Amino acid sequence: MVSLLPGAEDQVVLTFRPPRSSAVGAGSMPFGVKVRSSEDPESSRVEEGELTVQPFTDLGAELIPRTSRGSRTGRHELVVDNNGNHPLTVEIHAADPDRLLDFRIAPALLDLAPGTATFIKLRAQPTRRFLRGDNRTLPFQAFVTAPDVEATTADGAMLQHALLPKSTMKAVALALAVVTALVVLWFTVLKPQVHSEATKAVQQQSAQLSAEANSAKQHAAEAQAQASRAARSAQQAGASPSGGASPTPSGARGAAAGTLENSDSKTAIDFRITTSVAPGRPGSFTTASHDQPKKTVLWITDMVLQNPQGDTGTLQVRRGRIVLFEFGLANFRDLDYHFVQPLRFTRTDRVTLAVDCQNPGATKCTPSAYLDGQLVKG
């Protein structure tokens, strides 16, 4: 409070004490001063000014944990606090006095806002490892540096363990002792007993095999005697004037046209049907047929299907459009069929191979069929 006479003036000194805290940022800060008369409260005046808050730096650093443990890597977190009133760009690095550690820091360069704490991953890796022995303590320091600011340090250490701890060696020794005991038990108790049981089993098996061999010899002798009697009976039947009917020659009266009764050695036929089919959509078949002469009947008695390349897909054997057999190509390389009742084909319903090729890429399917039988006039 200032007392003034009419027409007089006086000076008042204003002192500002901003707190040393990150809550008050560095830089210009406007302010106002209000002057009011005690005699005339409604008469007042405000004067404005500007205050410049100077920057100050206060960096802190701490390693968590202070001491890490491991045989290959020690893991830490470096906590960097910016307790100043202005942002800072800092760089992080670490070093140990004996150069026994390598360090990985992420991130190594960062910007810190005032009043913040930042966590940085720091890994310490020993340059040398050891199999056995006592733990080794490797001290180091982490440095936080900024331009025109004294570096801030944090002390830490890594407790390096051996690659093979003492507990592992004890476990190995115990395992060796167990293995040794088992070996001794095998050679002294179990092996003789197993050998005795195995000898009994072999003797029983040998006796059983000997009995089966003698039985097989007896059956073979009986079969040979029966075969000899059958051969003699056949010779006697062939020599007898009334010993069975002679085969009807081709074209003989009473024989139906196009039947096996019309066949002879001159009507025998064998041929091969080959295919070469490119892969297509599933269910699309490509056919290949045998060119059969007019007015003939083909009787198939034997059929061999071949898939030498191991193609995939479907193979059908047809009589005209009728499917007689269907096979998966991936399920066979060679199939051999002998028919007790021969298969009959005419020129209109000829023997046909149908292939649905499903090979990968553009590899063609090449299955084939060899057929044997009789071709007689129909």
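Among contacts in the protein chain (heavy atoms within 4.5 Å) between residues at least 6 apart in sequence, 68% join residues at least 24 apart. The model is a predicted one, in which local features need pLDDT of at least 70 and side-chain atom pairs count only at pLDDT 80 or more, while totals for chains, interfaces and linings use all residues. Residues are numbered from 1 along each chain as its sequence is written, and side-chain values use heavy atoms, with hydrogens and water left out.

The protein chain contains 1 helix and 19 strands; these are DSSP runs numbered from the N terminus, with helices being H or I of at least four residues and strands E of at least two. Of its 378 residues, 26% count as buried. Here buried means under 20% relative accessible area, exposed means over 50%, and partly exposed lies in between, with a 1.4 Å probe and protein chains only. The accessible surface of the protein chain comes to about 25800 Å², and 52% of this belongs to carbon and sulfur atoms. Such areas come from the Shrake-Rupley method with a 1.4 Å probe; for residues, only the protein chains shown count as cover.

Rolling a probe the size of a water molecule over the atoms shows where empty space is left. The largest pocket has a volume of about 860 Å³. It is lined by 21 residues, of which Val-2, Leu-4, Val-12, Val-35 and Arg-36 are the closest to its centre. On a 1 Å grid over the protein atoms alone, a pocket is an open set of points where a 1.4 Å probe fits, with protein on both sides within 12 Å along at least five of seven lines, and lining residues have an atom within 4 Å of a point. Grid points are joined across faces, edges and corners, and the volume is the space filled by probe spheres set on the points. Strand S1 (27-36) and strand S2 (44-53) each supply at least two residues of this lining. The largest share, 5 residues, comes from S1. By class, the lining has 9 nonpolar, 5 polar and 7 charged residues. In this grouping Ala, Val, Leu, Ile, Met, Phe, Trp, Tyr, Cys and Pro count as nonpolar, Asp, Glu, Lys and Arg as charged, and the others, Gly among them, as polar.

Side chains of opposite charge can pair when their charged atoms come close. A search of the whole structure finds 2 salt bridges, a salt bridge being a side-chain nitrogen of Lys or Arg within 4 Å of a carboxyl oxygen of Asp or Glu. In one, Arg-347 pairs with Asp-291, and the closest N and O atoms are 3.8 Å apart. This pair links distant parts of the chain, 56 residues apart: Arg-347 is in the loop between strand S17 (334-346) and strand S18 (351-357), and Asp-291 is in the loop between strand S13 (286-289) and strand S14 (296-306). Arg-347 counts as partly exposed at 31% relative accessibility, whereas Asp-291 is exposed, with a relative accessible area of 59%. A salt bridge also joins Glu-47 and Arg-45, with the closest N and O atoms 3.1 Å apart. Glu-47 is partly exposed at 41% relative accessibility, and Arg-45 is exposed at 59%.

Thr-73 lies between strand S4 (67-70) and strand S5 (74-82) and is buried, with a relative accessible area of 17%. Leaving aside residues up to four places away in sequence, Thr-73 touches Arg-123, Ala-124, Gln-125, Pro-126 and Met-158. Thr-127, in the loop between strand S9 (116-126) and strand S10 (136-146), is partly exposed, with a relative accessible area of 40%. With the residues up to four places away again left out, Thr-127 touches Arg-99, Leu-100, Leu-101 and Asp-102. Thr-127 and Asp-102 are 25 residues apart in sequence, and their C-alpha atoms are 6.5 Å apart in space.

Backbone geometry was also examined. A cis peptide bond, with omega about -10 degrees, joins Ile-64 and Pro-65; Pro-65 lies in the loop between strand S3 (59-64) and S4. The peptide bond from Ala-106 to Pro-107 is cis, with omega near -5 degrees, and Pro-107 is in the loop between strand S7 (101-106) and strand S8 (109-112). Asp-148, a residue other than glycine, has a positive phi near 60 degrees. Asp-148 is placed in the loop between S10 and strand S11 (149-160) and is exposed, with a relative accessible area of 87%.
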